[in-house]
Each structure stands twice: as C-alpha cells, then as structure tokens.
Amino acid sequence: MANRAFWRALHSLAHPVTVWAVVLLLLNDHWFRFQWPSWWTGKLGDWAWLTFAPLICAAAVAWFVPKRLVQQEKVVGLLAFVFMGLWFALAKTVPFVHLLTTTTLDALVGWHGTLRLDTSDLLTLPALLVGWHIWRSSSNQALPIPRAWVVLALGVIGTLATSCMPADSGITHLCQQESKNFAFTGYVANNVFMSMDGGVTWGTVEARLVPRDCLISNRSFGQSWLLTSGSQTYRFVLGKAIYSYQDGQAETLEMNLSALGQEIRKIYYKGRPQGWICPGPVAYLPGPLDAVVDTKTGNLVVAMGLDGVLVKPPDNRWHWATFGQYHYVNLSQEMETIHFLQPEILTAVLLLFLIGPTIALNSEALGC
C-alpha cells in the first residue's frame with residue numbers, strides 16, 4: 001500500500017511556488033539580509049519558510065501515521081501545519097520555548113541561526129495558508145519527481161543554515177540600566193541577555209527592549225584595565241587574574257584566571273565543532289573582557305567571552321553564570337572526544353532514520 005501522505009508531500013515540495021519559496025529563503029538569508037538589512041528582510045525569510053516548512057514536516061509525519069488510515073492525508077496535513085504554526089508562534093513570543101528551541105538545535109547540530117523573540121513575526125503566519133493550498137491541491141500518486149528531493153534537501157539546509165554567523169567571541173559587552181544588567185555577544189542585535197538578580201541568572205530579551213545607550217558600545221580594553229566602584233578599584237588582566245584594592249591599601253588577588261590564558265583552550269575552542277550544516281568559527285578571547293558592579297546587589301559581574309559570565313557577590317563566593325552555549329569548561333574534566341565526534345554521531349543517527357523510508361520506497365517500486 002502506497003504512503004499517500006508522503007507522496008502528496010513530495011508533490012507539494014515539487015510545486016513551483018514551493019521551489020520559489022525555498023530559493024527566496026536562501027537568497028534572503030545569505031544575500032538580501034546582508035546587502036539590505038531591514039524589517040522587511042526579516043519578515044520575508046519567515047514568510048518563505050512558513051510556506052514550505054510544514055510540507056517538509058508532513059513528509060516526516062507521514063511515516064508515523066498508519067497508511068491504512070482512510071483519512072491519513074488529512075491527519076498528516078493537519079498535524080504538520082498545526083505543529084509548525086504553533087511552534088513558530090511560541091518560539092517567537094515565549095522566552096522559555098525560544099530558549100528551549102535554540103538550545104536544543106545547538107546541542108543537536110551546533111545550529112547558529114538568528115531565531116529571535118519578536119512578536120511582529122506573527123504577521124507572517126498567513127503564509128501557512130499558501131502551503132496548505134499547495135498541500136490540498138497536490139497529487140498523491142507514487143510518481144518519480146526528482147525535483148522534490150532537491151527541494152527537500154535545500155529546504156532542510158535552508159532551515160538549519162539560516163544566516164551563518166561570523167566568528168563568535170561569546171559574551172564581550174555588559175551594560176547596566178537601573179536594576180537590570182544586559183549582556184551582549186558580538187552580534188548585539190541577535191544575542192541579548194538580561195539579568196535582574198545581579199548577574200546570577202540570565203534570560204534572552206528582544207533587542208528592541210534594550211536601552212539604546214546599551215546597544216551602542218565603543219569600549220575597547222587593553223591587556224589590563226581598571227573599574228572603580230566607590231572606594232573599591234578592580235584591576236583586570238586578560239587571561240591572568242582579577243585584583244582589587246582600596247585607597248591606601250595593598251592590592252589583593254581576587255581570582256586567578258591563568259588557566260584561561262593557556263594555549264590549550266584556544267586549540268579546544270578552535271577544534272570544537274560549532275556547527276554541522278552551518279559551521280560557525282569561534283575566536284577565543286580569554287576574559288575579563290568587560291565588567292560592571294550591580295548597584296542593587298553589589299555583585300561584580302564580569303564578561304568572560306565564550307566562558308560566559310563570572311559573578312562575585314559581596315560574600316566573595318565566585319561562580320560562573322551560563323548562557324546556553326556560553327559556559328565555563330573545565331578541560332581537565334571535559335570529554336573532548338564527544339564534541340569532536342558530534343557531527344559523525346548525528347550523521348549516523350540521520351542515516352538510521354532513512355533506512356525505513358528507503359526500504360519502503362524500494363518495496364513500493366518493486367510492487368512488493
């Protein structure tokens with residue numbers, strides 16, 4: 001028995017509108033957004049993606065809904081379109097879902113895209129109606145349509161490889177406004193984090209909600225720099241240590257960071273896979289790279305690049321804050337082999353998933 005829903009999905013992917021949607025996404029993410037960055041290019045990419053993404057989802061869902069089901073095609077279509085629309089809406093509006101999505105994709109494939117919290121992106125949801133019309137009007141006949149496989153591959157690549165990032169240096173800039181602390185990566189407009197408890201815990205925030213003064217930074221620190229708060233002065237030496245002293249008193253060592261300046265850490269981050277479909281190079285800079293003293297808690301908050309953020313409360317108990325992929329790694333305990341084999345492991349898993357559909361397609365072609 002032919003998998004009618006699967007063949008309908010392939011015919012839908014071969015539809016001219018779907019083909020142009022995939023091409024438009026690739027052009028937008030890798031050319032338009034760099035040549036003419038604007039509100040429109042962001043919405044254009046979402047519109048194109050929502051047109052074809054449910055069709056790719058339907059091709060996968062079709063293998064989990066029994067072929068003998070009378071209304072298999074209707075069930076598969078509804079599941080695919082409702083799931084993709086609901087997930088898109090939640091990922092764009094709910095911080096927890098947004099963080100879960102980006103963290104999961106980063107853990108699985110080292111994804112480095114530009115998914116942002118932005119409620120205005122919900123304006124592109126009507127694009128689902130275009131995809132639904134294509135789905136309803138497509139054939140379900142098991143006919144050879146090579147173009148569909150090419151569109152399927154390009155669609156997956158376009159989804160995972162959207163707007164590949166330049167070299168990533170992690171958390172490089174901090175800013176404080178009233179009781180809020182903001183942390184930024186090299187991509188200020190895309191990766192913005194906020195803390196309201198003195199740097200202990202952080203969450204993502206839309207760039208439009210960040211004070212303009214924080215988004216504009218001309219800071220450029222040298223190998224050693226100072227930060228003064230009241231009578232206390234901190235001296236930061238990149239990749240070596242943090243010192244402090246008060247007026248008329250001798251300087252004391254606050255934190256020994258010499259391990260961060262070792263060459264092995266640069267080698268580790270340079271060799272660590274940062275992407276599978278869309279590799280993202282890294283530029284490891286040993287911290288401290290920036291620092292602020294929280295006016296509410298008195299915590300010293302220090303930007304440490306790819307190692308995340310280092311926080312020192314008034315009780316002197318230092319601890320590392322985590323920002324998803326930006327976190328301190330103790331190389332003496334890190335199982336580096338797992339990181340370097342991550343792409344190969346993922347490839348093996350994907351090939352295992354392809355075994356079932358391949359056998360089924362060959363059986364249908366041979367009339368078994």
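**Entry 1: Leu128**

I looked up Leu128 in this predicted model, and with a relative accessibility of 14%, which is under the 20% cut-off, I count Leu128 as buried. Leu128 belongs to helix α6. I then asked which residues touch Leu128 once its neighbours within four places in sequence are left aside. I found that Leu128 is in contact with Leu50, Pro54, Phe81 and Gly85. For one of these, Phe81, I also looked up the spacing: Leu128 and Phe81 are 47 residues apart along the chain, yet I read a separation of 7.1 Å between their C-alpha atoms.

**Entry 2: helix α1**

I turned next to helix α1, which covers residues 4-13, and asked how many of its 10 residues are buried. The helix is mostly covered, and I noted nine buried residues, namely Ala5, Phe6, Trp7, Arg8, Ala9, Leu10, His11, Ser12 and Leu13.

**Entry 3: α1 against α3**

I compared α1 with helix α3, which runs over residues 39-61, and found that the two axes come within 8 Å and cross at roughly 150°. Angles over 145 degrees count as roughly antiparallel, and I therefore describe α1 and α3 as roughly antiparallel to each other. I recorded the crossing of α1 past α3 as left-handed. On the α1 side the contact is made by Phe6, Ala9, Ser12 and Leu13, while α3 brings Phe52, Leu55, Ile56, Ala58 and Ala59. When I sorted the residues of this contact by kind, I had eight nonpolar, one polar and no charged.

**Entry 4: Leu13**

**Entry 5: the nonpolar cores**

I then asked which residues have the most contacts inside the largest nonpolar core. That core has 36 residues, and I wrote down Leu10, Leu13, Trp49, Phe52, Val76 and Trp135 as those with the most contacts inside it. At least two residues of this core come from each of α1, α2 (16-35), α3, α4 (72-93), α6 (127-137) and α7 (146-160). I noted that α3 gives the most, with 11 residues. Finally, I found a second, separate core of 35 residues, which includes Phe193, Trp202, Val302 and Leu331.

Key
Residues are numbered from 1 along each chain as its sequence is written. This is a predicted model: local features need pLDDT of at least 70, side-chain atom pairs count only at pLDDT 80 or more; totals for chains, interfaces and linings use all residues. Side-chain values use heavy atoms; hydrogens and water are left out. Axes are lines fitted to C-alpha atoms, for helices over the stretch in contact, and angles run from 0 to 180 degrees between N-to-C directions. Helices (H or I, at least four residues) and strands (E, at least two) are DSSP runs, numbered from the N terminus. Angles under 35 degrees count as roughly parallel, over 145 as roughly antiparallel, 65 to 115 as roughly perpendicular and the rest as oblique. A crossing is left-handed if the near helix is turned anticlockwise from the far one by less than a right angle, and right-handed if clockwise. Contact means heavy atoms within 4.5 Å. Ala, Val, Leu, Ile, Met, Phe, Trp, Tyr, Cys and Pro count as nonpolar, Asp, Glu, Lys and Arg as charged, and the others, Gly among them, as polar. A nonpolar core is a set of buried Ala, Val, Leu, Ile, Met, Phe, Trp, Tyr and Cys residues joined through side-chain atoms within 4.5 Å. Buried means under 20% relative accessible area, exposed over 50%, partly exposed in between (1.4 Å probe, protein chains only).
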